[in-house]
Amino acid sequence: MSTVGCVLFTEGYLRSYREYLAFDPNVVEQTRIARNGILGDFIVRYDVNRELSVGDVQVLGYFVHYFAPKDLPPLPKNVVFVLDSSASMVGTKLRQTKEALFTILQDLRPEDHFNIIGFSNRIKVWQQDRLVPVTPNNIRDAKKYIHNMSPTGGTNINGAVQTGAKLLNDYIAQNDIDARSVSLIIFLTDGRPTVGETQSSKILSNTKEAIRDKFCLFTIGIGNDVDYKLLERMALENCGMTRHFQEDEDAASQLKGFYDEIGTPLLSDIRIDYPKDNVEQVTQNFFPNYFNGSEIIIAGKLINRTSDSLHVEVTASNSKKYILLKTDVAIDLPSRNDIRGISGLEDGKGDQNYIERAWSYLTIKELLNSWLKSDDNQEKDYLMEKAKSMALTYNFVTPFTFLKMKEAGLHSEPPKEEYISPSTEGIGEKLQSLQGHKAPPDKQRIKISKTSADGDPHFVIDFPSSKFSVCFNIDGEPGDILRLVSDHKESGVTVNGQLIGAPAPRNGHKKHRTYFSTITILSNKPQRSYLEITPTRIVLDDGERLVLPCDRSATVQSSSLEVSTSANSNITVTIRDTISFVILIHHYKNPAPYQRDHLGFYISNSKGLSPDSHGLLGQFLNDEVKLLQESLNMSHQQAGQNNTEALKSNPTNTLKVKGRLVPVVWKQRRIYNGQQEVDCWFAKNNADKLIDGSYRDYLASHPFDTGTSFGMI
């Protein structure tokens with residue numbers, strides 16, 4: 001008989017179907033890896049890093065969606081460690097548990113809260129009726145408590161979980177923290193229940209009743225005597241994950257590794273939606289938490305095969321922010337995802353749709369989870385048959401199927417079935433409804449006013465009551481930071497724009513062109529928030545840093561600020577519902593030497609800005625400008641003409657601004673990405689006499705400079 005090597009594939013397999021790793025160690029090398037030698041597992045670990053975006057979506061009849069954002073601030077967490085200190089933990093197991101906990105406690109963040117419960121036949125709570133903040137003194141005292149734990153007595157699993165759940169429930173209720181942090185229990189044991197409630201079904205129902213979907217339970221089993229099936233169901237039924245470690249010299253690092261997987265929550269209440277009339281048979285699409293370094297994978301089947309795009313929406317919470325991401329994914333042509341002829345698939349399976357296989361893999365795992373959690377024999381039979389049928393169709397091995405072995409020969413065929421173990425480990429997320437984070441109602445499309453700074457750069461000021469507009473240019477230097485709106489003392493809002501340079505067109509009158517490469521917005525009330533916007537990304541920092549790419553549609557909402565992005569088009573910033581700015585994104589597909597990707601800044605709502613607001617644009621928001629018609633010196637022939645036409649025909653006219661007389665000429669300007677022409681009175685020479693002081697008085701020292709010195713004011 002021949003020997004056949006089997007490899008355990010995880011979700012990484014789904015991403016790497018077109019590639020493979022060759023690893024052929026000898027027995028000595030295997031023994032160095034694990035005591036069990038050639039029976040040791042071959043584990044591939046990988047990291048996934050992406051910005052906060054909808055993620056990657058692959059489409060070919062079916063679709064697979066990979067969501068793994070980066071650059072997110074960690075959420076505060078409330079964690080209760082429940083540790084087995086029964087007699088069976090004596091020796092290596094308890095020593096390794098203590099070593100791991102010492103390291104884990106050091107990794108807690110200042111914004112976290114925690115407590116520790118030790119259990120045997122008795123249950124001992126370190127800090128009664130509360131969770132304590134992470135401080136040097138509390139960490140020191142917690143380490144002393146763990147160091148003094150000694151193994152004795154039996155194993156009261158039910159009582160320990162009930163105590164931990166009550167502790168966490170009371171803390172959540174008393175502190176009203178469920179909307180801004182992630183709560184969890186980490187439960188560790190090496191045995192079976194021997195004290196108190198010992199019936200597994202009763203422990204499971206008690207645990208579910210105590211937790212009530214308010215937080216997640218993560219379970220860890222150590223050694224060969226543990227009731228792994230009980231721990232697995234406890235985690236699966238309460239949106240957690242489970243791990244089983246052998247008692248060896250590496251258990252402490254494995255415990256620490258498991259904590260690292262769940263120790264940094266980045267998002268909560270993640271829901272991913274697709275149009276119901278476009279897709280069906282979608283795998284799990286709601287996840288209570290997303291942890292740093294992990295990856296969320298969803299798959300489904302397309303119904304509408306004629307559609308050229310798939311709409312995707314992701315809603316989630318990030319600390320005090322509500323996040324909405326959305327995009328339309330182009331549906332690939334079959335040739336783009338063709339895997340036929342790939343090395344290693346010469347057995348004829350190369351023409352199988354690998355995205356469909358990914359969908360089947362995830363679906364089988366969910367069927368196995370449901371089978372594990374079910375207590376209904378009829379339902380279990382149905383789930384088993386469905387999982388078995390899919391496994392045979394797509395050549396996966398499950399607990400309900402087996403691998404057919406053939407005697408090796410010189411021309412033997414490969415096995416008929418591949419060994420792909422649909423392990424349920426790590427699939428503890430529970431489908432549930434969104435709680436505590438409702439999407440904001442759809443708002444009416446905000447109308448952009450003409451008051452703006454766009455182009456290289458052209459400024460337009462709209463005076464609706466006077467029924468005309470005024471415009472001017474600012475010929476600054478590359479690197480200049482222009483103060484556009486300054487109302488720091490009253491409304492707390494400052495807007496600055498930084499210039500980038502480009503060569504002037506040939507035969508032009510300018511020595512160079514300048515564009516806005518960065519718009520920065522500071523809102524200081526009720527709390528300080530910073531926004532930095534470029535043509536490629538948005539950085540929002542209100543004590544927590546969040547990065548959004550400009551090529552994806554998204555909405556982020558906090559208590560006083562909302563940022564909404566329309567992919568590669570515009571960004572709307574709304575402050576306290578009374579101030580709104582729109583930033584247009586200008587991208588050139590084939591830019592000329594004098595063109596640069598840049599931004600345009602438009603004021604759409606200025607009600608929340610005070611009468612004392614200033615800046616190149618802000619100083620005109622509450623003022624009126626008068627056109628001195630007597631300066632026209634109309635001819636007799638013009639007297640009967642339309643007044644506006646008469647104004648246009650006169651080469652020079654005069655505006656009265658704050659007692660100053662400003663000569664102007666009639667011009668036309670294109671705004672809104674060149675989609676609209678605006679008739680305006682143009683003030684020459686860097687808006688001389690039109691603006692307070694000279695334009696150099698509006699230069700900021702840094703992007704978030706809130707200075708209020710304006711020359712002649």
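This is a predicted model: local features need pLDDT of at least 70, side-chain atom pairs count only at pLDDT 80 or more; totals for chains, interfaces and linings use all residues.
Some ground rules. Local features here need pLDDT of at least 70 and side-chain atom pairs count only at pLDDT 80 or more, while totals for chains, interfaces and linings use all residues. Residues are numbered from 1 along each chain as its sequence is written, and side-chain values use heavy atoms, with hydrogens and water left out.

I start with the whole chain. The protein chain has 12 helices and 33 strands; these are DSSP runs, H or I of at least four residues for helices and E of at least two for strands, numbered from the N terminus. Of its 713 residues, 52% are buried, where buried means under 20% relative accessible area, exposed over 50%, and partly exposed in between, with a 1.4 Å probe and protein chains only. Taking contacts (heavy atoms within 4.5 Å) with a separation of 6 or more, 63% are between residues 24 or more positions apart.

Next, the disulfides, meaning pairs of cysteine sulfur atoms within 2.5 Å. Cys-216 is in strand E8, and Cys-239 is in the loop between helix H7 and strand E9, 23 residues apart. This link is left-handed, with -110° about the S-S bond, and both cysteines are buried.

The other disulfide is Cys-471 to Cys-680, at 2.1 Å from S to S. Cys-471 lies in strand E18 and Cys-680 in strand E33, so this pair ties together parts 209 residues apart in sequence. The torsion about its S-S bond is 70°, which is right-handed. Cys-471 and Cys-680 are both buried. As for Cys-550, it is buried as well, at 1% relative accessible area.

Strand E19, residues 481-487, has seven of its seven residues buried. It runs antiparallel to strand E20, residues 493-503, and six bridges join the two; strands pair if DSSP finds at least two bridges between them. Leu-482 has Gly-497 in E20 as its bridge partner. Five residues sit between the strands, and Gly-492 takes a positive phi near 85°.

Asp-456 lies between strands E16 and E17 and is buried, with a relative accessible area of 7%. Its side chain makes a polar contact of 3.0 Å with that of His-458. A polar contact is a pair of N or O atoms within 3.5 Å; within protein, one must be able to donate a hydrogen and the other to accept it, and residues adjacent in sequence count only if both atoms are side-chain atoms.

Last, salt bridges: a side-chain nitrogen of Lys or Arg within 4 Å of a carboxyl oxygen of Asp or Glu. The whole structure has 18. In one of them, Glu-261 pairs with Arg-243, the closest N and O atoms being 2.8 Å apart. Glu-261 is in helix H8 and Arg-243 in strand E9, 18 residues apart. How accessible is Arg-243? Its relative accessible area is 11%, therefore it counts as buried, while Glu-261 is partly exposed at 31%. Another salt bridge joins Arg-212 and Glu-209, with 2.8 Å between the closest N and O atoms. There, Arg-212 is exposed at 53% and Glu-209 is partly exposed at 47%.
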